[in-house]
Amino acid sequence: MKRKVTKRLFAVALSVTMLLSGVGCGSKSTSQPSEGNNATETSSNNESSVSETSEKNASGDITKITLYPHDATTTSGIVDGYKGELYAEHGIQLDIWAYSDEKTNAILASGDLPDVMYVDYDDLTTLIEGGLVLNLEQYLDKMPHIAKDDTIQTALNYTREFRSGGTGEIYGIPIGIGVQEAIWDDPGANCVKINWDIYHELGCPQVDSLEGLIPLMKDMMEARPTAEDGTKNYGVLLNSGSDGTYWGNMRQWFKWNGYEPDSLQYLVEMDMINGKFNSILESNRDSLYYKGLKWFNTAYREGVLDPDSINSDYMTQKAKIDKSMACMVPGGSVQGYAGYMPIYIPGQQIYHEHWTSTYGKDSYLVINANTDHLDACLEFLDTLADMDFYFLLWNGREEDGLWEHREDGLVYPTEYGLESAIGSATKGEETIFTNGEKQALWNDNFIVSKSFSESFIGPNGPREARTLQGWDEVTAVTSDTEINRQWREQYGYHSYMDQLRDKNAFTLDSVLTDVTSFCSTPDDSLQLTVDAIRDVVVSSSWKMVYAENDNDFEALWDQMIQDCKDLGAEEIVQWRMDELSKGIEIKNKLQAD
């Protein structure tokens with residue numbers, strides 16, 4: 001539905017009255033006083049800092065531009081210190097306005113924008129309709145890091161199609177654009193993790209299947225019946241607090257098998273390894289859902305599933321797993337962290353957990369249509385797509401003392417930088433450069449969300465851009481813990497991901513990755529059916545977990561399938577599978593040439 005700027009004005013009239021005097025016009029590059037950040041003092045202190053570095057810019061000119069940040073985590077005022085000097089080398093002095101919800105409304109209602117602003121999509125459409133933000137199509141080539149990056153171009157194709165206010169053109173550059181390029185030692189939730197201390201105490205017995213976990217958990221419970229705090233140990237714990245759009249306890253089971261649960265509310269399974277999806281109704285007892293319920297029921301009947309699971313909420317389950325360590329194999333909707341280590345089960349295929357978004361977050365960087373400083377604004381946006389600039393914002397310049405080029409031309413941590421990064425990672429110590437300046441983290445979003453720099457190369461390839469803590473020299477120390485040493489000695493690999501590589505047992509990307517982004521939501525009539533199916537499936541799933549024998553279990557399964565069909569589930573399943581098929585087509589069309 002089309003929104004009008006006047007509606008904003010009416011809704012925030014009071015905010016405008018109170019705050020308008022504090023909002024400077026971006027087209028004139030006036031600076032807005034920052035609240036609670038000593039902005040006036042900071043500004044005066046840093047005029048000299050910028051002037052000292054202005055000669056580093058090729059033209060010698062420094063242009064002040066104003067920025068309204070994504071949220072309140074970004075410090076307001078003139079960006080100073082080494083970050084200010086970095087921006088000065090690009091001809092920019094950056095003045096960040098203080099963020100608040102009221103101020104956001106006031107800015108949007110008045111139309112008195114800063115030079116550059118982070119906005120969500122609803123606000124973007126309002127700004128487009130009001131003619132307040134610049135159409136960036138003709139300026140994309142002036143931002144080389146944006147123009148040359150295929151990942152960004154794919155995201156921009158998505159923005160034109162779905163996030164352009166119906167114009168088909170670029171008015172806002174999405175933030176947080178990324179593809180999964182880093183392969184971490186721990187793939188997050190997408191693996192089986194085990195209570196390592198007890199497992200190691202038993203001699204790390206081999207597990208040949210997911211079904212083999214059940215007798216192992218039983219042995220672990222017998223070896224240690226209670227946790228240190230007196231909580232009774234169980235093999236696996238579930239909870240009813242995660243039953244949202246689907247029976248939430250199926251989450252980890254699906255991830256153990258290389259599936260994602262994103263379509264379970266529609267009775268559709270998504271096999272990320274093979275890039276396929278299937279109907280639970282049609283697959284019936286061959287479905288992964290059936291096999292998961294069978295596994296949980298077996299665990300219950302063998303006495304290794306916490307019988308009070310149905311009465312537990314998410315936080316209760318999480319506390320038993322993460323705080324008490326009263327779980328042998330975290331399942332359900334909680335994966336387990338410290339004290340739990342991943343184990344590979346022969347035949348397993350793991351889909352690497354994704355923490356990036358191919359099309360970016362639903363938040364955008366826009367340029368004031370009336371800015372007097374267009375070139376500086378474009379330069380600023382381009383720095384937010386430059387992973388080398390990102391590297392310098394986080395790690396400082398070479399003269400700041402954390403890293404250095406050596407005779408082989410490669411980048412290494414200095415002795416001081418290594419010591420500092422280890423202290424930060426293990427003790428939470430503050431990072432201070434050799435000149436005494438504190439490392440100031442850049443808390444706002446970049447356009448790209450990648451892991452590695454382009455030009456800062458170490459012995460094993462491009463260096464991680466975000467702090468030295470992920471560099472090999474640092475992790476060699478910080479990961480040298482007793483539990484990691486035991487794991488490595490047991491399996492003969494440096495990390496679980498090294499083991500998966502050797503077994504050819506993981507998939508980094510899938511045909512189905514991001515496809516649900518293009519699936520429409522059910523209309524009101526379909527949603528009523530989806531909600532009714534959800535109630536049947538959640539109730540039936542719990543009953544099957546607690547079934548006392550196979551006959552009861554099978555009868556409950558058959559009844560659930562029939563009840564879902566009676567509610568119209570076949571129509572829902574077909575609708576969702578059609579949406580996934582369309583999503584694959586759209587995803588392929590959006591790929592940059």
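1. Strand S3 is covered on both faces: Ile 92, Leu 94 and Ile 96 on one side, and Gln 93 and Asp 95 on the other, are all buried. Buried here means under 20% relative accessible area, exposed means over 50%, and partly exposed lies in between, with a 1.4 Å probe and protein chains only. Strands (E, at least two residues) and helices (H or I, at least four residues) are DSSP runs, numbered from the N terminus.

2. On the basis of the note: this is a predicted model, in which local features need pLDDT of at least 70 and side-chain atom pairs count only at pLDDT 80 or more, while totals for chains, interfaces and linings use all residues. Residues are numbered from 1 along each chain as its sequence is written, and side-chain values use heavy atoms, with hydrogens and water left out.

3. As to the overall make-up, the protein has 23 helices and 17 strands. Of its 593 residues, 54% count as buried. Among the contacts with a separation of 6 or more, 77% are between residues 24 or more positions apart; a contact means heavy atoms within 4.5 Å.

4. Strand S3 belongs to an open sheet of 6 strands in the order S2-S3-S1-S4-S12-S5, with mixed pairing. The edge strands are S2 and S5 (173–174), each of which pairs on one side only. Two strands are taken to pair if DSSP finds at least two bridges between them. Strand S1 (residues 63–68) runs parallel to S3 and is joined to it by 5 bridges, with Thr 66 opposite Asp 95. Strand S2 (residues 77–78) runs antiparallel to S3, with 2 bridges, and Ile 78 has Asp 95 as its bridge partner. S1 also pairs with strand S4 (residues 116–120), in the parallel sense over 2 bridges; there, Tyr 68 is partnered by Met 117.

5. Which residues does Ala 376 contact, leaving aside its neighbours within four places in sequence? They are Thr 63, Ile 65 and Ile 92. Ala 376 is found in helix H15 (residues 374–383) and is buried, with a relative accessible area of 10%.

6. Helix H10 (residues 213–223) has Leu 213, Ile 214, Leu 216, Met 217, Met 220 and Met 221 buried. Seen down the axis of H10, these buried residues fall within an arc of 160°, so they line one face of the helix; the arc is that of the directions from the helix axis to the C-beta atoms. The buried residues of H10 pack against strand S6 (192–195), helix H9 (196–201), helix H13 (288–301) and strand S10 (340–343).

7. A second open sheet deserves a separate entry: 3 strands in the order S7-S8-S9, with antiparallel pairing. S7 (259–260) and S9 (276–279) are the edge strands, each pairing on one side only. Strand S8 (residues 268–271) and S9 pair over 4 bridges in the antiparallel sense, and Val 268 has Ser 279 as its bridge partner in S9. Gln 265 lies in the loop between S7 and S8. Is Gln 265 buried or exposed? Gln 265 is buried, at a relative accessible area of 14%. Not counting residues up to four places away in sequence, Gln 265 touches Thr 245, Tyr 246 and Val 530.

8. A search of the whole structure finds 1 cavity of 30 Å³ or more. The largest cavity has a volume of about 90 Å³. It is lined by 13 residues, of which Leu 264, Leu 267, Tyr 289, Ile 533 and Val 537 are the closest to its centre. A cavity is a set of points, on a 1 Å grid over the protein atoms alone, where a 1.4 Å probe fits but cannot get out, and lining residues have an atom within 4 Å of a point. Helix H21 (residues 524–545) supplies the largest share of the lining of this cavity, 4 residues.

9. Strand S15 (residues 452–458) and strand S16 (residues 461–464) run antiparallel and are joined by 3 bridges. They form a hairpin with 2 residues between them, and Ile 457 stands opposite Pro 462 in S16.

Terms used: On a 1 Å grid over the protein atoms alone, a cavity is a set of points where a 1.4 Å probe fits but cannot get out, and a pocket is an open set with protein on both sides within 12 Å along at least five of seven lines; lining residues have an atom within 4 Å of a point. Grid points are joined across faces, edges and corners, and a volume is the space filled by probe spheres set on the points.
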